[in-house]
Amino acid sequence: YEDQIPTYFDKEQMNLGLILGEASNGLVDIDLDCQETRLLAGSYLPKTGQVWGRESSPSSHWLFQCTSVPKSMTFKDPVSGEMLVELRSDGQQTVAPPSVHPSGEGVRFDLDGKPSRVETDILVQCVSCLAVVALLARHWPNQGSRNEAALAIAGGLLRANLDEVFVSNMLLNIART
């Protein structure tokens, strides 16, 4: 039916919305709402074959097929209130290519393949971790106090029995972002 979409789809007047969650057999959209999450997504999210965005926000939507339907989740910066990342699922929808964003920009595919099938719990963990790293990167201290911040974060995470290599990579990602 994909070849019939142009027949019914008038790009000037209509957008395409994907229904997420149970109605689409577990489709979820990870909406990367800020620069930090877009920069870090490749280090924390599983690979998927379907990614889209727009010129000012490339690769900001990653589509997955979950093994069970997760609850929708939002992660905001508690200081600014700005959205960092959303896991959009049951009862929600998302605008997909070839739509036009309210800003007037065209929504386009960055990867036009199939969404990867992932275990729900793993995806939730990945999105949660991405949100934490993005938040820390956003508020990383200026020169002069970075070492103390890194030591405090590393100490807390290692005491929580997180893997040493994982913690090290996390701190590198925070500092580089």
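Two residues are in contact when heavy atoms of theirs lie within 4.5 Å.

**View 1. Overall fold of the predicted model.** The protein chain holds five helices and nine strands. From the N terminus on, these elements follow the order α-β-β-α-β-β-β-β-β-β-β-α-α-α. The C-alpha trace spans about 60 × 35 × 25 Å along its principal axes. Of the contacts between residues at least 6 apart in sequence, 71% join residues at least 24 apart.

**View 2. The largest nonpolar core, with 36 residues.** Ile30, Leu45 and Val85 have the most contacts inside this core. At least two core residues each come from strand 2 (27-32), helix 2 (35-44), strand 4 (57-66), strand 6 (83-88), helix 3 (120-138), helix 4 (146-159) and helix 5 (164-176). Helix 3 gives the largest share, nine residues.

**View 3. Surroundings of Ile30.** Neighbours within four places in sequence are left aside here. Ile30 is in contact with Leu45, Val85, Leu87, Leu123 and Val127, among others. Its contacts also include Ser60, His61, Trp62, Phe64 and Glu86.

**View 4. Another core, of six residues, apart from the largest one.** Leu20, Leu27, Leu63 and Ala96 are among its members.

**View 5. Surface and charges of the protein chain.** Buried residues account for 40% of the 177 residues. The chain exposes about 10400 Å², and carbon and sulfur atoms supply 51% of this area. There are 14 positive and 22 negative side chains. The centres of these two sets lie 4 Å apart.

Methods: Residues numbered from 1 in each chain as written. Predicted model: local features only at pLDDT ≥ 70, side-chain atom pairs only at ≥ 80, totals over all residues. Heavy atoms only, no water. Helix = DSSP H or I, 4+ residues; strand = E, 2+ residues; numbered from the N terminus. Buried < 20%, exposed > 50% of the residue type's maximum accessible area, 1.4 Å probe, protein only. Areas by Shrake-Rupley, 256 points an atom, 1.4 Å probe, with all protein chains shown as cover. Lys, Arg positive; Asp, Glu negative; His and termini not counted. Charge placed at Lys NZ, Arg CZ, Asp CG, Glu CD. Core = buried A, V, L, I, M, F, W, Y, C linked by side-chain atoms within 4.5 Å.
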